[in-house]
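Subject: Structure handover

Hello,

Here is the structure you asked about. Please open it and keep it beside you while you read the notes below.

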Amino acid sequence: MHPVLKIVIQRLLLGLLTLLVVSIVIFLAVNALPGDFAQAILGQSATPEAVAAIRRDLGLDQPAVTRYFSWLADMLTGDLGVSFAQANFASFVGTSAESGSGPVTVLQQITPRFQNTMFLAGVTAIIAVPVSLTLGILAALYRNSAFDRGVNIFALSSVSSPEFFLAYILILFLAVLNPVLPSLSNIFSDMGLGERLRATLLPALTLTLVVTAQMMRMTRAAIINLLASPYIEMARLKGISPTRVIVTHALPNALAPIITVIALNLAYLITGVVVVEVVFVYPGIGQLFVDSVKIRDIPVVQACCLIFASAYILLNLLADVLSILSNPRLRHPK
Amino acid sequence: MTRFTRRGLLGTGAAAGVLAATGLPVRAQPKRGGRLRMGLNGANTSDSWDGRTHSDIFMSSAASGCVFDTLTVVAADGSLQGELSESWEASSDAKTWTFNLRQGVTFHNGKGFGADDVIESLKMHVGEGVKSAAKPIVESIAEMNKMTDHQVQFVLDEGNADFPYLLADYHLLMYPAGQIDEAIAKGIGTGLYRVQSFDPGVRFVGTRVDSHYKDGEFGWFDEVEIIAVNDITARMNALLTGQVDVINDIDFKTESLLSANPNTEIFEVTGNQQFTFPMLTDVAPFDDNNVRMAIKHAVNRQEMVDKILLGHGSVGNDSPIGPANQYYFANMEQHSYDPEKAKWYLKQSGMDSLSVDLSVSNAAFTGATDAAQLYQASAKGAGITINLVQEPADGYWSNVWLKKPWCACYWSGRATEDLMFSTAYATGAPWNDTHFENERFMELLVQGRTTFDPDKRRDIYYEMQQIVHDEGGAVIPMFANFVGAKSSKVTNSGTIGNVYKVDNARVAERWWMA
């Protein structure tokens, strides 16, 4: 078996094990939340009888261990369950939903939101990755110049500002003072690609500001680090232009750390953008997650957590594999 | 807070004269056309077209405001009008009510509306395991009889002169009989706008039906779009950048942005929404009315209105009946901050000083913790030490409210005096959050239900307000306004309903493009 393939399989299995551990942590954490769905949904009208009735309907009165294993078993068969919130009108209220489309499953609920999130992450990545790589390379090329300093100051100050602050600054300049982009990312399914891109651009730009700094600075640092190596000195002595030294000699060897950072930032774009989603009212999975935590809609919360964990594990795996592939020494071990 | 509203302007003769002299139209005629876009909060992924589950402004605006109708409706000026019923009459004991339904009304799927739909739609709210906010209303109906296809008779358990008001409740939507499940799944009602698309917790789009019984009276927009914008700053941004025309609940701290912008304006009305501090009247020391009176005189109400509501409200007078009710006792002697009087009351109960716990969380209402701190500071001057107990927001309604001797709470108010008192002040009511018991009060409550004469009703409800004011366990320091903002692209008659948020959730019906 090819060593790379072996590593991939090993890492995938380890990933599954990690997911199992994560599932236990998620379950314990969700159970540690004060209050439950019955109390959250009933609010002021939470009389003990009503709370008990809902708990019984949802199986919340079962012991935690039983609930965990039945959830895990469903999860293994790919059944994410039925959201409490949507089950609400089908079963609690006394009508069956037979003639309708049936209770909405967690999968049906998550899928459109997840697609929106992936779209936003995709648009952001398409902007952010080339921009930060280019800026990083240029900064390395002209290091300690005014350009390098300027780029660094800009990137560091944007990454140090809270996301919502960046978002409001962009809204101020691009939506209020110069109304070129909408401040509400009102995304819906039957929307053309152009329209959708326009609505997504402001949140994507905000996120670009957030993730650029780390990728840009990692690119710069990795390249500068290599510039002190003897083989770069050799290349320079041969009389190769500085641009060529960096792009063809230094960059390939700097790829591994850059790829890792990009993967981490992509994972962040999928899992951590709830603040930006709230500011722009972007219907992504982060908002669904927070809404579900608020009403203690446990099946949705757990499914979202698992998706987030999987995204991290898969992207890290991908980064590792790509790092190995980018390094001939690892690609062909002795 | 003084603010020039269209209504206020019209109210002053001089201003009206100026308007007339300049030849400006005093009131524009409504016209058809355009797309109304609203940004509202209170949307959830659990939203559906099931009226029993509606609890916030997003769904009530989409359902009772666009897609569905109720039997009666409270008009913007507070009067009761027929919606799907044309007229009604009661027997002398207010126990038997006959409703004549509107004829020739059709649901969005073509089915005609009639008595069966009424009976079946109301029956949804009762039954084993059903959880509906309107359950107590429908449970009070002992019998529903179909007299003709367009006449229904209700026989109540006990007489209730307010019964037609109760049927205006936004939960009591009319669905097509035999197709209720489908109507809930798809949103099939008799309203002005049919569902074009609905994405729970995200967005609703409705299209005006071609012909409707409200033609020429209501329903001026071609299309209505309601976008879920739960974040307050995002809502204000959306209005300022012109992406929506109407929003609810603005952020008072930045309201100057809206009033400074020539294209946006704030609209507000005082209704029955009240922020309260209920004391359990059967738990020491609150079982002594002198203690309750001392505590009622130890709060600076105007300060709370100024600092917690930033002026968007009015002081409460320890009675839950507000300006949106018919028999609001506006001239009742006002409880005010009076440390000396508070001390006098304490002395009456044989105390020099008092130390009590107040349980709060911002789950009770926005700013509840701050309000409690103000209370603590003002009470100090009256010799009352208030120990604030910060409670977790989660489970506040199940673990603190109705359980702790003194806590913070809110009530959105009720359409009628009887309903408010029966829900929260009647002996033995599950939500009697002060454990209030008063014989005379209960006598009047029962008497009020079968009294039709407006003068007698006024006397009854005034006396009840006086009793609660003098002896009740709830400190009601403030009534919060329903505040919203709109762009200059849309306009309205100048009269805005005060029963519920954003013109009783009926903007799509009553407003038009300017």
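In α8(A), the residues E163(A), L166(A), A167(A), L170(A), I171(A), L174(A) and A175(A) meet L202(A), L205(A), T206(A), L209(A) and V210(A) of α9(A); two residues are in contact if their C-beta atoms, placed from the backbone, lie within 7 Å. By class, this contact of α8(A) with α9(A) holds ten nonpolar residues, one polar and one charged. Nonpolar means Ala, Val, Leu, Ile, Met, Phe, Trp, Tyr, Cys or Pro, charged means Asp, Glu, Lys or Arg, and the others, Gly among them, are polar.

This is a predicted model, in which local features need pLDDT of at least 70 and side-chain atom pairs count only at pLDDT 80 or more, while totals for chains, interfaces and linings use all residues. Residues are numbered from 1 along each chain as its sequence is written, and chains are lettered from A and ligands numbered from 1 in the order in which they are written.

Helices (H or I, at least four residues) and strands (E, at least two) are DSSP runs, numbered from the N terminus. Helix α8 of chain A covers residues 163-177 and helix α9 of chain A covers residues 193-227; their axes come within 9 Å and cross at roughly 135 degrees. Axes are lines fitted to C-alpha atoms, for helices over the stretch in contact, and angles run from 0 to 180 degrees between N-to-C directions. α8(A) and α9(A) are therefore oblique to each other (under 35 degrees is roughly parallel, over 145 roughly antiparallel, 65 to 115 roughly perpendicular, and the rest oblique).

A second pair in chain A is helix α6 (residues 106-141) with helix α14 (residues 298-326), packed at about 50 degrees with axes 10 Å apart. α6(A) and α14(A) are therefore oblique as well. V106(A), Q109(A), I110(A) and F114(A) of α6(A) meet P299(A), V300(A), A303(A) and I307(A) of α14(A). That contact has seven nonpolar residues, one polar and no charged.

Domain 1 of chain A gives 15 residues to the contact and domain 2 gives 16. On the domain 1 side, eleven are nonpolar, four polar and none charged.

In chain B, strands β8 (residues 193-199) and β9 (residues 203-208) pair in the antiparallel sense over six bridges; pairing needs at least two bridges found by DSSP. Y193(B) has R208(B) in β9(B) as its bridge partner.

Regards
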